[in-house]
Structures are given as structure tokens and as C-alpha cells.
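Trainee: I am new to this structure. Could we go through it together, starting with the ligand?

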Amino acid sequence: MELKFFTDTGLEIPSVTAEQMIEVDRVATEETGPNLFQMMENAGRNLALQAISTLNGQWQQANIIVLAGSGGNGGGGICAARHLANRGANVKLCLSSVERLKEVPAWQRRIFQATNGQEIAIEDLLATDEPIDLILDALIGYSLRAAPRGNALDLIEWANRLDASILSLDIPSGVDSTTGDTPGAFIHAQGTMTLALPKTGLLPERTGELTLADIGIPAGAYAWKTLQLDYLPPFGDRYRIPLTARDH
Ligand SMILES: NC(=O)C1=CN([C@@H]2O[C@H](COP(=O)(O)OP(=O)(O)OC[C@H]3O[C@@H](n4cnc5c(N)ncnc54)[C@H](O)[C@@H]3O)[C@@H](O)[C@H]2O)[C@H](O)CC1
Ligand SMILES: [K+]
């Protein structure tokens, strides 16, 4: 099945495999900019705003949990947790693998530690009986390898058992971003905010409501000789736009 993705103004946005998205990231970081810190900041800020919209005016009373992995996906989640905490939201951050945190997500964590938001250990989160309104899923993005295991698996199963609504960053954790396959457990998301371009595996039955977020990548990166994507900037005066996937 091949999916095509359209904005709410009817513009088609090219979709990319994980391999192509990794090349977009390489072109951005090595050739054109923005660098990883800048892209992740845009990802996290957009995710915080998307969380606030999802909570429909109730965000100041809501209990929000951010689940963050050790890579780029987790870094965007930690950044969103900071933006929410900076606005006085009640947000707790749970890291699936503190010891494997990569450099840029570790930097995000360091900044988060200066907010009023709290970090919560996995054991405490799994045992909590506090009501939870919204979970931000930033455990695994396009670098999923095989079925989720270890702490990531425990957190995916925990999140799916609750009544809370789940908003995934880039792709629901456990879903293969190129094929949409699920080699094992995966997050059952009500919404997914994907970054920069839709991924070929963002099947509507897996993503829930799909949103595309601008992380500041310029048209010249998409037109780079190794990519040559047919891309028209879709955002206008917005940073997040609804996307619809259609089967072709
Ligand atoms: N231009 C962009 O779109 C940008 C995207 N960003 C985000 O970064 C992720 C990709 O980041 P990466 O560091 O490559 O890895 P992930 O976060 O996807 O994965 C993290 C981590 O997960 C572990 N893992 C993989 N498979 C499993 C498994 N089966 N079980 C348990 N754990 C698993 C593995 O150890 C990885 O290290 C992308 O999706 C975007 O969200 C950037 O933030 C900005 C630019
Ligand atoms: K995710």
C-alpha cells in the first residue's frame, strides 16, 4: 500500500523512508543547517504546543507524563517537557534509559533539571495511582530496530493500559516508520506529530490524528542532490498543520 499525504489546503507533501529522513538530517546538520540542537528545539516546542491544544483548555490542571528514550526522539520529548514546565504545566519526565542518553538529549535533560518539572523513575511511574490525562510518547522514533524490549517495552505496555490520551512524537513508538509494520508492542496513539516530512509508514490506523510540524529545515535541504524531493513549503503562517493520509 502506498500512502499519499495532503495538508488541509490540499497540498501533497512527499513522504520519506527512514533512510531518506536520515539523509535529510545529515544534509541539515552537515551541509545547510539547522543543526541538531536547533531542530530538536523546534520539535520540542511544537510538541508542547500540540499537547496544550490536545488538552482543550484544561492543560493547566492536567497531569502530563513525558516518556523519553535515549536518542533524538527522546530529546524532543525532554525539550517539550521543559516548555510545558516553563508554562506552569504539571509535567513529569520518565527516561527509559538514563545511562544511554545521547549528547543532545542529555543537554536537554540538563536544562529540564532547572525547571519546576520533576523526573520520575520507571519503577515509581509503573506503581503510581495518580490520574494521568496525557502521555507524550517520545521513546523511539525512526531508529526502531526489532521489537521493543527492556524499559521501552515496559513503558509502552504501561501507557497502553491507561485511559490517558497518548500523543506520539514523529511516529508511535514500536511502529516501523518506513513500512508501518509492528514487530512487537507499539504505542496506541490518539495523535501523532511527525517532524518535517511524513514518513512512508505513518498508516492512519496507527497514528490517530496526524500533524506535521515545522522544525526549520530550508527548501534547499530537500532539494539537495542526494534527495531531490518535490517539496513546496506547506506551513504558511503556521508551525503545525493537519495531514491526511490517502491510500493510492
Ligand atoms: N530532521 C528530523 O526529523 C529530526 C528528528 N529528530 C528525532 O530523532 C529521531 C531519531 O533519533 P535517533 O537518535 O536516530 O533514534 P530514536 O530516538 O528513534 O531511537 C532511540 C533509541 O531507541 C532505541 N531502540 C531502538 N530499537 C529499540 C527496541 N526495539 N527496543 C528498545 N529500544 C530501542 C535505540 O537504542 C535508540 O538509540 C526521530 O524520529 C525524530 O524524532 C531530531 O530530534 C531532530 C531532527
Ligand atoms: K515516538
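Trainee: Which element gives the largest share of the shell around ligand 1?

Mentor: Helix H3 does, with five residues. Please keep in mind that this is a predicted model.

Trainee: How many residues surround the ligand in total, and which are the closest?

Mentor: Ligand 1 is surrounded by 32 residues, and the closest are Gly-71, Gly-72, Asn-73, Gly-141 and Ser-143. Two or more shell residues come from each of helices H1 (18–32), H2 (36–54), H3 (72–86) and H6 (150–161).

Trainee: How do the shell residues divide into nonpolar, polar and charged?

Mentor: The shell around ligand 1 has 17 nonpolar, 11 polar and four charged residues.

Trainee: Where does UniProt place the "binding site" feature?

Mentor: The unreviewed UniProt entry places it at Asn-73, Asp-137 and Ser-173. These positions span 101 residues in sequence, yet no two of their C-alpha atoms are more than 9.4 Å apart, so they gather at one spot.

Trainee: Is Asn-73 buried or exposed?

Mentor: Asn-73 is buried, because 26 other C-beta atoms lie within 10 Å, and the cut-off for buried is 20 or more. This residue lies in helix H3, and its contacts beyond four places in sequence include Gly-141 and Asp-170.

Trainee: And where is Ser-173 found?

Mentor: Ser-173 is in the loop between strand E7 (165–169) and strand E8 (191–195). Among the residues that Ser-173 touches is Asp-137, another position of the UniProt feature.

Trainee: Turning to the whole chain, how many helices and strands are there?

Mentor: The chain has eight helices and 10 strands. Its radius of gyration is 17 Å, close to the 18 Å that the globule rule gives for 248 residues, so the chain is as compact as a globular protein of that length.

Terms used
Residues numbered from 1 in each chain as written. Chains lettered and ligands numbered in written order. Predicted model: local features only at pLDDT ≥ 70, side-chain atom pairs only at ≥ 80, totals over all residues. Helix = DSSP H or I, 4+ residues; strand = E, 2+ residues; numbered from the N terminus. Rg over C-alpha atoms; globule rule 2.2 N^0.38 Å. Near = placed C-beta within 6 Å. Nonpolar A, V, L, I, M, F, W, Y, C, P; charged D, E, K, R; others polar. UniProt positions renumbered as here; feature names shortened; annotations may be inferred. Buried ≥ 20, exposed ≤ 12 C-beta atoms within 10 Å, placed from the backbone. Contact = placed C-beta atoms within 7 Å.
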